[in-house]
Amino acid sequence: MSTEEELQSNVSVASSSPTSNCISRNTLGGLKEHNYLGLSDCSSVGSSTLSPLAEDDKATISLKATELTLGLPGSQSPARDTELNLLSPVQLDEKPFFPLLPSKDEICSSSQKNNASGNKRGFSDTMDQFAEAKSSVYTEKNWMFPEAAATQSVTKKDVPQNIPKGQSSTTNNSSSPPAAKAQIVGWPPVRSYRKNTLATTCKNSDEVDGRPGSGALFVKVSMDGAPYLRKVDLRSYANYGELSSALEKMFTTFTLGQCGSNGAAGKDMLSETKLKDLLNGKDYVLTYEDKDGDWMLVGDVPWEMFIDVCKKLKIMKGCDAIGLAAAPRAMEKSKMRA
Amino acid sequence: MGLRLPSKVLEHILSFIDSNEDRNSVSLVCKSWFETERKTRKRVFVGNCYAVSPAAVAKRFPEMRSLTLKGKPHFADYNLVPDGWGGYAWPWIEAMAAKCPSLEEIRLKRMVVTDECLEKIAASFKDFEVLVLTSCEGFSTDGIAAIAATCRNLRVLELRECIVEDLGGDWLSYFPETSTSLVSLDFSCLDSEVKISDLERLVSRSPNLKSLKLNPAVTLDGLVSLLRRAPQLTELGTGSFAAQLKPEAFSKLSEAFSNCKQLQSLSGLWDVLPEYLPALYSVCPGLTSLNLSYATVRMPDLVELLRRCSKLQKLWVMDLIEDKGLEAVASYCKELQELRVFPSAPDLDEANIPLTEQGLVFVSKGCRKLESVLYFCVQFTNAALLTIARKRPNLKCFRLCVIEPFAPDYKTNEPLDKGFKAIAEGCKDLRRLSVSGLLSDKAFKYIGKHAKKVRMLSIAFAGDSDLMLHHLLSGCESLKKLEIRDCPFGDTALLEHAAKLETMRSLWMSSCFVSFGACKILSQKMPRLNVEVIDEHPPETRPESSPVERIYIYRTVAGPRMDTPEFVWTIHKNPEIGVSHLAIK
C-alpha cells in the first residue's frame, strides 16, 4: 500500500538520524544499543563478549536486569550505576539484533540465528538527558499526574531496587543492597477503588464500634472549585508537613502556608496568632471534618489525635474559613475527649 | 434490476436484529437499508466517546432509547491517565436532550459526569428509566438527588465504583413517596449513611425491586430489616458486616436470608466476620454469582461457604482463598464460568499468601465451563499455562497478572513464551488476553499467529524490540483495543502498521519508545486517527527522536477534539504548518 511505503521512507528519514552514525560501528548493523532496563551503553558489545559468560553470572546478571527502577526506560537510578556499569550490558535473554526496517525475510532468518549475541534496541543518548528530568514523573507527585492515594507511597519510599521473589537465583543477589520495594505507577493493575476500599476494610475490622468511616485511613479531600475528589491515606504521613506537601502537589493552586511546616520535634501546635496570619495571608486553608461533624482548621491538635478524628479534608478559601474553630476551641474539644 | 424490499418489511426484519455489529453491517448494504436501519435503532453503543460527535449520533439515530458511552482508556483505572484528560459526558447529554428527548436509558463508563449533567438528564428526558454509571467521577450526591426526585419512572439507578462527592445521605429521601417503579438500586460506592427509615419505605413501596446494593454504612440491623421487606430480591449487595457479635443478631440475619428464596447474586460483605458466614448458608445453593473480593475471610471459612455453592457460575474472591480453596472450588462448583482472584495486598512488599499457579490449574481441570479468568499471582510457570490451555480450550477471556514484573517461569527460569503460546494456540475462541511475566518477542509472534479472535490485548513490561508490536499488529486480525505499558518498542512497527490502527478502536502506549517524530508522521498520514500525545512537557521543546510519555491513538470521524487539557497534544493534520505550531490544544 502506498501509504505504508511512504511511511517507511519517512521513517528512515525521521528517526535514523541518531542512529545512522552507529550503523557502521555496530557489527550487527543496527541502532545503538541500550538495554531497556537502563544498563549502560553497550556500544562495544559483540558476540564475543557475551558468550563466555558463565551460567551463574548470567543468572546474577539477569537478576540485576530484572530489578526495577522508577523512571523512563533508559534512565538510571543513581544507586544502580556503579554496580551495573561493571557488568557487561546483557539482556534477560539473548536475541538476535533486528535492523531498523525489518523485512519479513530478515525477521524469519534472524529469529533462527543463534542467540549468542542478543542486544536490545533502544534510543540514543538524547533520551538520557531528559530521562533524568522526567524520572520525576514517577518519583515526585506532579500535580498533573496524581496517583490514587494508595500509590502515594511513591513519594514516601526510596527509589527502589526490587529483588524478585522466588527465583532460584535469589541467593546470588547478596551483593546488592536490600532496599525498599518498587512502587510502580499503576502496578499491579488493581483499581484504586479496590485499593482504597480494602485499606478501609482492614482498618475497620479492628474497630469495636463497627461504624465504618470513623477514623478511616483514607479520607476524601475536596477543594473548592476543583471538580474532583481525591483520597489520601493519613497513615502514610508522619506529620502535618508531609500531608501538606502531598496535598500541595495534588492541588496546584492550593497553599497551606505555614500550617504544620514549623516541624520542630513534637511540636505540632500552632498558636492562635499564626492561624490568623494563615487565614489573612493565604488564599486557601486546609480544614477537616471531625467525628462530631464539625469543621475545624487543620493543625490545631497533635498529629496522632488528628488522624484519629479526621473524617474528611477540605481545602477552603481563606475567606470562607474565617470563623472556623481556632486553636482554643479545638483544644477544648480535645480535652473533652481525652 | 433487483427487487427492493419495502421499507416496512425491512423494518420488521430489523426488529429482530439486536446486535449492533449486525446492524452496522446492515447499514452498509445500501442507502435505503442505511436509512431504514438508522431510523429503527433503539440501542446505541459508542465505545469511544471521541470517535464520533454527539450531534452526528443524535442526528443519525432519532429513535434512540438507550445510549451507552465509554470515555477514558481502560488504563485510566490504574492511574495511568492523568486527571483532566477528558471524557466529558456533558456534550452528549446536551445533544441528546435537544435531539432525542425520548431517551430512556443512559449507561456511561469512565466518563466525567457533573451534577449539571445529572440535572439536565432529569429535566430533559420525560421517560427516563435507567442510569448506570461505572467508574465515573465529577458529580456529587446532589446530582443523584435530582435524578431521584425528578425521574418519575426511574427503574434502575446504579453507581458502580464511582468517585462521588458525598454530601450526605439525604439524596435517598428525594425519591418521592409516589415512586414505586424501582427495580435496581446500587449505591455501594457512597460513603455517607442514608436514613434507614427512608430506605425501608422506599424498598417497601417498590414491589419490582430485584437488585439492591447497599453501601458499607448500612448496618447489619438495617440489612435485616431491608431483607424482610424485600424477600423477592435476586441480587443483594450487603452493607458492612462489622458489628458486635450478638447471638440474636446472628439468628435474625440467618432468618432474613433464608426467606430470600430467589437470591442469585451476593456481593458487598465488607468486613465480614467468619462467624457470620453461616447466616449465608441458606442462600448458597441458589447462588450463581458471589463476590467475596472485599471480604477478608480466610481459609477454611471460605471453603465452608463455597462448598455449598454448587450452582455458582461467577466467583470473585481474593487470594486469601489459597490453592487449597481453589481446589475445593474445582470440586464443588462445577458450573463455574468466571473466576477472578484479586490480590489482598496489592503492594509488592506485603506478606506472602499461599496462592500459586496451582490454584488456577485446579480450577481449570475441575470446572469444565470455565471461560473467563482474571488471576493475580506472584509468579507462574509455563507448565501451568500449558495445562490450563490443554484443559480449557473454551477460554474466552484470559487475564493473567504476574505481579512480579519480568518474572520468568520460576521453576525453569525461562520466559513464559511457551505458556502463552499454548494459550493462544489452544484457546481458539479467546477474545480478551492480558499477558505478564517475562516475555520475549517470541511470545508475541505466537500470539500474532494464533490469537485470531482476540479483540482486546493488554501488555506490560514485556518484549524485546519493535518486533513484538509488529507481530501483534500484523497478526491479530480481530484486534480492536491494544494497551501497552513499559515495553521497549515504538516507532518502526507503529508506522509500518498505521493502516491497521484505523481498524481498531484504540491503541494506548505508555512508557514505551515512541518518539514525537513518529507521532507527527502518523498523525499527518492518517487523517482519521487522533494521535494524542499525553506528556507533561511540550513535545516541541525536545528533539523529535525523544520518546513521549504516553500516546493514545484512536480512530475517529470527529476530528481532533477541542477539550484537551494542557498536557494533551494533538498533532495538527496539516504538514505545512511548521514545527512551532505543530501542536494544537
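Colleague: Which residues form a nonpolar patch on the surface, with about 220 Å² of accessible area together?
Modeller: This is a predicted model, in which local features need pLDDT of at least 70, side-chain atom pairs count only at pLDDT 80 or more, and totals for chains, interfaces and linings use all residues, while side-chain values use heavy atoms, with hydrogens and water left out. Residues are numbered from 1 along each chain as its sequence is written, and chains are lettered from A and ligands numbered from 1 in the order in which they are written. Patches are made of residues with over 30% relative accessible area and no salt bridge, like charges being joined within 9 Å and nonpolar side chains (Val, Leu, Ile, Met, Phe, Trp, Tyr) within 5 Å. With accessible areas taken from the Shrake-Rupley method (1.4 Å probe; for residues, only the protein chains shown count as cover), the patch consists of Leu5(B), Val9(B) and Ile13(B).

Colleague: What is the relative accessible area of Val9(B)?
Modeller: Val9(B) sits in helix H1 (residues 7–14) of chain B, where helices (H or I, at least four residues) and strands (E, at least two) are DSSP runs numbered from the N terminus. Buried means under 20% relative accessible area, exposed over 50% and partly exposed in between (1.4 Å probe, protein chains only). Val9(B) counts as partly exposed, because its relative accessible area is 36%.

Colleague: Which residue forms a salt bridge with Glu137(B)?
Modeller: A salt bridge is a side-chain nitrogen of Lys or Arg within 4 Å of a carboxyl oxygen of Asp or Glu, and the whole structure holds 38 of them over all chains. For Glu137(B), the closest N and O atoms are 2.6 Å from each other, and the partner is Lys72(B).

Colleague: How many residues apart in sequence are the parts that this pair ties together?
Modeller: Glu137(B) is buried at 8% relative accessibility, and Lys72(B) is buried at 14%. Glu137(B) belongs to strand E5 (residues 137–140) of chain B and Lys72(B) to the loop between strand E2 (66–70) and helix H5 (90–99), so the separation in sequence of the parts they tie together is 65 residues.

Colleague: Is Glu477(B), which meets Lys452(B) in a salt bridge, buried or exposed?
Modeller: The N to O distance between the side chains of Lys452(B) and Glu477(B) is 3.8 Å, and the two residues, 25 apart, link distant parts of the chain. Lys452(B) is partly exposed at 30% relative accessibility. Glu477(B), with a relative accessible area of 57%, is exposed.

Colleague: Which residue in E5(A) does Val221(A) stand opposite?
Modeller: In strand E1 (residues 218–223) of chain A, six of the six residues are buried; Phe218(A), Lys220(A) and Ser222(A) point one way, and Val219(A), Val221(A) and Met223(A) the other way. In a regular strand the side chains alternate between the two faces of the sheet. E1(A) runs parallel to strand E5 (residues 312–317) of chain A, joined by four bridges, where pairing requires that DSSP finds at least two bridges between the strands. The residue opposite Val221(A) is Leu313(A).

Colleague: Among contacts in chain B between residues at least 6 apart in sequence, what share joins residues at least 24 apart?
Modeller: Chain B has 20 helices and 24 strands, and buried residues make up 62% of its 585 residues. With contact meaning heavy atoms within 4.5 Å, the share in chain B is 70%.
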